[in-house]
Amino acid sequence: TPSFLKPTTLLLTTTLMSILIQSPNSLPTTLLTHPISTHLRFDSLSLSAASSDFGGIVHSHPSAVFLPSSPSDITSLLRLSHFSPHPFTISARGLGHSTRGQAQASAGIVINMPSLDSSITVTTDGMFVDAGGERMWIDVLRETLRYGLTPKSWTDYLYLTLGGTLSNGGISGQAFLHGPQISNVHELDIITGKGEMVISCSESANPDLFFSVLGGLGQFGIITRARIALENAPKSVRWMRLMYTDFDLFTKDQELLISIKAEGEGWRLNYVEGSLLMEHSLKSNWRSPFFSEKDLKRIKKLAYGNEGVIYCLEASFYYDYHHGMNFSRADKTQMDQDIEELLRKLRFVSGFAFRNDVTYMSFLNRVHDGELKLRAMGLWDVPHPWLNLLVSKSNIMDFYIGVLKGIILKTSKSMGPILVYPTKRSKWDERMSTAIPDEEVFYSIGILLSSEMNDLEHLENQNAEILKFCDQQGLNYKQYLPHYTSMEDWKKHFGKKWERFVEMKSRYDPKAILSPGQNIFTHPV
Ligand code: FAD
């Protein structure tokens, strides 16, 4: 295990030796002789771990890895670079779940954020939690549940850091209701690219920096603390999967579900997602073991009779809520009736509605089960040429015909889920940096295929073909977790937000030090 993966006590002598043996000329002596140099690592294990990520496609070698023990170590590092005549690039690395080297820093310094190992504090009166940018969402969940509380908006996978998802958006099946994770942040502590620590940025204090950093791809500052909104936590979840053989009906029903207005005491539907289930990959899909063997056989048969694919709508209701430290048990009969009534309005294949009642924790942590399964099969640490898109509702059928049917289902026998679910633009604040389609309802599409059979080149070509199709047809779409290599493409990606993005860059990181792996700014602004 590379030393930097865990917080460790640093041995000055070891560090000095490694500096003497391996320190690259690219780092200034002001850094190498500064007291924080004891936090630098140059050993090959540390460097190679920081040169890879979940994608397994891009490998950029940094000059060193930095293990901060406090935010002030990061402040010093950023200042040393900013005020150096030869600034060096710096990338915060959460857990490296990026797929295209976004947390890497070629010949620069990668900050191993988990070294901060800061505390998580829940404030029950204000219904919020304060956690370090390096903390994983699973840890935040565990801590808030001790108080009967929970964050509202999630990602499908919880072993991601707050800093990493807040730099992108953080989308899952709750986003139609609560917005993405970046819509649920009260405050941030940020260290800018100039090495200034800005405490408690919010909608009212330093709003420019606050909103730029949300979805800002790590370009303006490093998040060292986030204050996240909480709500009462449910104890149980009614988790349902409904099968469709018709894509149009599948998406129309998803749209219906996210449009249902609150009645009486409020929302009953808490989560809406969906995916393509392909006959050939039903078993090795990391989207959790949900079906019994018997059900799987029936579903496979249904897919077989439908050109190898069916569409799975996923919806959840939360129940048995915490109030203070007590649970209010749901009136299950009433809930069953409400759900039955709702199901009657939907147009899934008769006899193909499945349900599980699970704990809230196991529902939210569902992808982890799939991860363990894939790890055991040696299918987790493989290249992941993922492509995530946000496609406007008015183009979803064009996308289905041209991309899902016309490209993926025609040629791909690769493994991995393909997610398709709608969400709402009005739940996003226009001032946040993330680029989204300019239509109220748009779809989150995750083409999350992994390369196992030396088919990386094929998948990369397929991604290029998909993007070409979307561009040529003029679809109203944006890349999510975007990857571009030219300034022109970035400009197009951000559209109306580009000018402001550049202005904020020149204000907060004018020397283009931060997150170089995003390939947005290669020169001072
Ligand atoms: P990293 O990959 O380490 O970093 C990502 C970017 O953020 C880099 O540019 C980095 O420099 C920057 N960064 C990291 N920490 C900070 C910080 N503290 N301050 C400022 N910048 C920082 N995303 C979703 O929205 N929804 C999902 O459902 C979802 N599911 C996923 C499932 C899996 C199995 C995986 C691997 C990823 C998933 N993602 C999902 C994508 C995920 O949001 C991104 O990978 C994200 O980058 C978080 O990963 P990370 O914390 O390891 O960040």
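Predicted model: local features only at pLDDT ≥ 70, side-chain atom pairs only at ≥ 80, totals over all residues.
Colleague: Which residue is the bridge partner of L387 in β18?

Modeller: I447.

Colleague: And how many bridges between β17 and β18?

Modeller: 7 bridges, with strand β17 (residues 418-424) and β18 antiparallel. In that part of the model, T423 stands opposite F442 of β18.

Colleague: What holds paired strands together, in general?

Modeller: Backbone hydrogen bonds, in either a parallel or an antiparallel arrangement.

Colleague: Is β18 mostly covered or mostly open?

Modeller: Mostly covered: 7 of its 7 residues are buried.

Colleague: Which residues of β18 point which way?

Modeller: V441, Y443, I445 and I447 point one way. F442, S444 and G446 point the other way. Both sets are buried. In a regular strand, side chains alternate between the two faces of the sheet.

Colleague: Let's take V441. Where is it?

Modeller: V441 is found in strand β18 (residues 441-447).

Colleague: Why does V441 count as buried?

Modeller: Because V441 has 20 C-beta neighbours inside 10 Å, and a residue needs 20 or more to be called buried.

Colleague: What is V441 in contact with, beyond its neighbours within four places in sequence?

Modeller: E255, K393, P422 and K424.

Colleague: How far apart are V441 and Q473?

Modeller: 32 residues in sequence and 19 Å in space, C-alpha to C-alpha.

Colleague: New topic. What domains does the protein chain have?

Modeller: The domain assignment gives domain 1 (3-115), domain 2 (120-232) and domain 3 (234-480).

Colleague: How many residues do domain 1 and domain 2 put into their contact?

Modeller: Domain 1 gives 12 residues and domain 2 gives 15 residues.

Colleague: Which helix gives the most on the domain 1 side?

Modeller: Helix α4 (residues 71-82), with 6 residues. That side of domain 1 divides into 7 nonpolar, 4 polar and 1 charged.

Colleague: Now the ligand. How many residues surround it?

Modeller: 35 residues. The closest are G94, H97, G133, G163 and G164.

Colleague: Which elements give two or more residues to that shell?

Modeller: β3 (90-93), α6 (162-166) and β10 (221-232).

Colleague: And which domains does the shell draw at least three residues from?

Modeller: Domain 1 (3-115) and domain 2 (120-232), at least three from each.

Colleague: How does the shell divide by residue type?

Modeller: 12 nonpolar, 21 polar and 2 charged.

Colleague: You mentioned β3. In what order do the strands run in the sheet that has β3?

Modeller: The order is β1-β2-β4-β3. The sheet is open and has 4 strands, with mixed pairing. β1 (40-41) and β3 are the edge strands, each pairing on one side only.

Colleague: Do β2 and β4 run parallel or antiparallel?

Modeller: Parallel: 3 bridges join strand β2 (residues 64-66) to strand β4 (residues 109-112). A64 stands opposite I109 in β4.

Colleague: Last bit, the overall picture. How many helices and strands?

Modeller: The protein chain has 17 helices and 19 strands. Its C-alpha atoms fill a box of roughly 70 × 55 × 45 Å along the principal axes.

Colleague: What about the radius of gyration?

Modeller: The protein chain has 23 Å. With 525 residues, a compact globule would have a value near 24 Å, so the two agree.

Colleague: And what share of the residues is buried?

Modeller: 47% of the 525 residues.

Terms used: Residues numbered from 1 in each chain as written. Near = placed C-beta within 6 Å. Nonpolar A, V, L, I, M, F, W, Y, C, P; charged D, E, K, R; others polar. Domains from an automatic or database assignment. Contact = placed C-beta atoms within 7 Å. Rg over C-alpha atoms; globule rule 2.2 N^0.38 Å. Buried ≥ 20, exposed ≤ 12 C-beta atoms within 10 Å, placed from the backbone. Pairing = 2+ DSSP bridges.
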